[in-house]
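Here are my notes for anyone opening this model for the first time. Have a look at the fold before reading on.

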Amino acid sequence: MMDVVVWGFGKLGQLAADATERTAGLTLVGIITARPDAVSGQVGPHVDLLRDLDETRERHPDAFVVHAGHALDDELIDLLEQCAARGLDVVTSSGFFHPSTQAPDRAPQLDELARSTGARVVAAGLHPGFFFDVLPATLIPVAAGWQTVEVRKPSSAASWPKGTRHMQGIGGEPARLEAELPYPMESSARLVVEAVGGVVGTIDESRTA
């Protein structure tokens with residue numbers, strides 16, 4: 001059996017909590033939330049409403065923390081370091097997939113910190129993650145000779161918080177979107193190429209608003 005604490009209780013957090021409750025071998029023991037009054041009626045009495053990671057470590061030191069949120073770059077490493085420093089295992093839905101490419105200055109320190117406390121840090125994001133990493137890798141055996149692949153992923157972000165939309169380049173200024181790549185493909189490209197024993201020559205990324 002594995003105890004699980006879900007960090008955040010938005011739509012994704014609610015799905016994570018529900019999936020935990022329905023999965024054999026997992027026990028939902030806590031929710032980390034800044035809105036305990038809003039959450040209390042949505043979970044059973046056996047689920048603790050926790051203020052922060054310190055209370056989580058105090059009450060459920062062996063639980064696996066499921067971070068149900070989105071963060072990028074330094075913000076993401078910060079939250080992973082917070083868990084690792086407390087010896088808490090964590091899996092995040094954010095995409096953190098090629099530390100040496102995305103965070104060459106901080107990745108070694110995160111790895112050293114996690115090793116020193118025995119914490120496990122896992123990323124299991126969907127975008128990137130599934131669409132940019134797992135799906136392309138599974139297509140490689142049938143893609144011999146392919147030169148170009150065009151992928152379109154229609155989705156509605158109407159219900160997303162403004163900050164999340166802007167972080168991913170949705171609804172912001174066109175010039176900013178073209179200057180910054182919220183989800184750079186380089187890390188995914190390197191992962192896929194390394195997985196099949198290849199070598200990356202050059203990578204050129206651009207985005208059109």
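The points below go through the sheet, the helix packing and the salt bridges.

1. A word on the ground rules. This is a predicted model, where local features need pLDDT of at least 70, side-chain atom pairs count only at pLDDT 80 or more, and totals for chains, interfaces and linings use all residues. Residues are numbered from 1 along each chain as its sequence is written, and side-chain values use heavy atoms, with hydrogens and water left out.

2. Start with the sheet. It is open, has six strands in the order β3-β2-β1-β4-β5-β6, and the pairing is parallel. On the edges sit β3 (48–50) and β6 (121–123), each pairing on one side only. On average, neighbouring strands are turned by 25° against each other, direction ignored. Strands here are DSSP E runs of at least two residues, helices are H or I runs of at least four, and both are numbered from the N terminus; two strands pair if DSSP finds at least two bridges between them.

3. Now zoom in on β4. Strand β1 (residues 2–7) pairs with β4 (residues 64–67) in the parallel sense, over four bridges. Within that pairing, V5 stands opposite V65, and W7 has H67 as its bridge partner. Four bridges also join β4 to β5, again running parallel, with F64 opposite D89.

4. Which strands does helix α4 touch? Helix α4 (residues 73–85) packs on the sheet and touches β1, β4, β5 (89–92) and β6. Its direction makes about 155° with that of β5. Contact means heavy atoms within 4.5 Å; axes are lines fitted to C-alpha atoms (for helices, over the stretch in contact), and angles run from 0 to 180 degrees between N-to-C directions.

5. The α4 helix has a helical partner as well. It packs with α6 (residues 107–117) at an angle of about 20°, the axes being 8 Å apart. That makes α4 roughly parallel to α6 (under 35 degrees counts as roughly parallel, over 145 as roughly antiparallel, 65 to 115 as roughly perpendicular and the rest as oblique). Their crossing is left-handed, meaning the near helix is turned anticlockwise from the far one by less than a right angle; clockwise would be right-handed.

6. Who meets whom there? L80, E81, A84 and A85 of α4 meet L110, L113, A114 and T117 of α6. These residues divide into six nonpolar, one polar and one charged (Ala, Val, Leu, Ile, Met, Phe, Trp, Tyr, Cys and Pro are nonpolar, Asp, Glu, Lys and Arg charged, and the others, Gly among them, polar). Leaving out residues up to four places away in sequence, E81 touches R106, L110 and L113.

7. Another helix pair is worth a look. Helix α7 (residues 130–139) and helix α10 (residues 186–195) have axes that come within 9 Å and cross at roughly 30°, so they too are roughly parallel to each other. This crossing is right-handed. F132, D133, P136 and A137 of α7 make the contact with S188, L191 and V192 of α10, giving five nonpolar, one polar and one charged residues.

8. Last, the salt bridges: the count comes to 11, taking a side-chain nitrogen of Lys or Arg within 4 Å of a carboxyl oxygen of Asp or Glu. One joins D54 and R86 at 2.7 Å, N to O. D54 lies in helix α3 (residues 53–59) and R86 in the loop between α4 and β5, so this pair ties together parts that are 32 residues apart in sequence.
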